[in-house]
Amino acid sequence: MTKTLTRIAATALVATLIPLPAFAQQMDHSSHANHQMHAMDASADDVAGAEETLKAYRTALEARDAQAMRALFAEDSAIFENGKAEGSFANYMEHHLGPELDAIVSFTFTDPTLTVTRMGHMAHAYETYGYRIELSDGRVIERDGVATSVLAHDADGWRIVQYHSSSRAPRN
């Protein structure tokens with residue numbers, strides 16, 4: 001994450017030092033004459049792979065399968081839950097979710113909705129759902145939740161690079 005922040009800061013600094021519009025106007029754009037953007041390609045509407053990745057995460061949570069969950073996230077992912085920055089998924093699993101999995105007897109999602117928009121090799125999504133968690137001490141937790149995600153596609157397929165979820169007690 002530090003590398004990413006350093007790259008962003010360096011890019012921002014360079015962008016402020018170069019008069020970009022003037023530079024772009026002076027560039028030779030003739031090589032782009034027959035170039036089509038990926039976002040304009042018919043495959044840009046194909047969101048099935050990104051949807052399957054997010055559904056697989058939900059399934060892995062219900063199964064309490066930490067290994068399956070880890071495989072769905074990019075190494076340099078960022079997780080945010082209920083107003084807290086949890087760090088990468090590996091950190092989230094080690095310090096937050098992992099210890100909770102041991103106390104969960106049953107985890108069930110209800111009424112999930114999922115909307116994914118693809119933009120080239122990236123996609124963003126939002127979800128709504130309810131969930132019910134039964135704990136080993138007999139407590140039951142029921143919540144309504146929402147999540148937003150950013151996914152990236154590479155040779156290995158779709159991976160979640162950013163995930164933000166929050167929940168609250170159901171309201172009637």
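1. Ground rules. Residues are numbered from 1 along each chain as its sequence is written. In this predicted model, local features need pLDDT of at least 70, side-chain atom pairs count only at pLDDT 80 or more, and totals for chains, interfaces and linings use all residues, while side-chain values use heavy atoms, without hydrogens and water.

2. Aromatic pairs. There are eleven in the structure. Rings of Phe, Tyr and Trp (its six-membered ring) pair if their centres lie within 6.5 Å; planes under 30 degrees apart are stacked, over 60 edge-to-face, the rest tilted. Take Tyr-57 and Phe-89: their ring centres are 6.2 Å apart and their planes stand at 80°, so this pair is edge-to-face. Tyr-57 sits in helix α3 (residues 48-63) and Phe-89 in helix α5 (residues 89-103), so the pair ties together parts 32 residues apart in sequence. Helices (H or I, at least four residues) and strands (E, at least two) are DSSP runs, numbered from the N terminus.

3. Surroundings of the pair. Tyr-57 and Phe-89 are both buried. Buried means under 20% relative accessible area, exposed over 50%, partly exposed in between (1.4 Å probe, protein chains only).

4. Helix α5. Look at Leu-97: α5 bends there by about 50°, and Pro-99 follows within four residues. The bend is the angle between axes fitted to the seven residues ending there and the seven starting there. Buried residues of α5 include Met-93, His-96 and Leu-101.

5. Arg-118. This residue is in strand β3. Its relative accessibility is 18%, so Arg-118 counts as buried.
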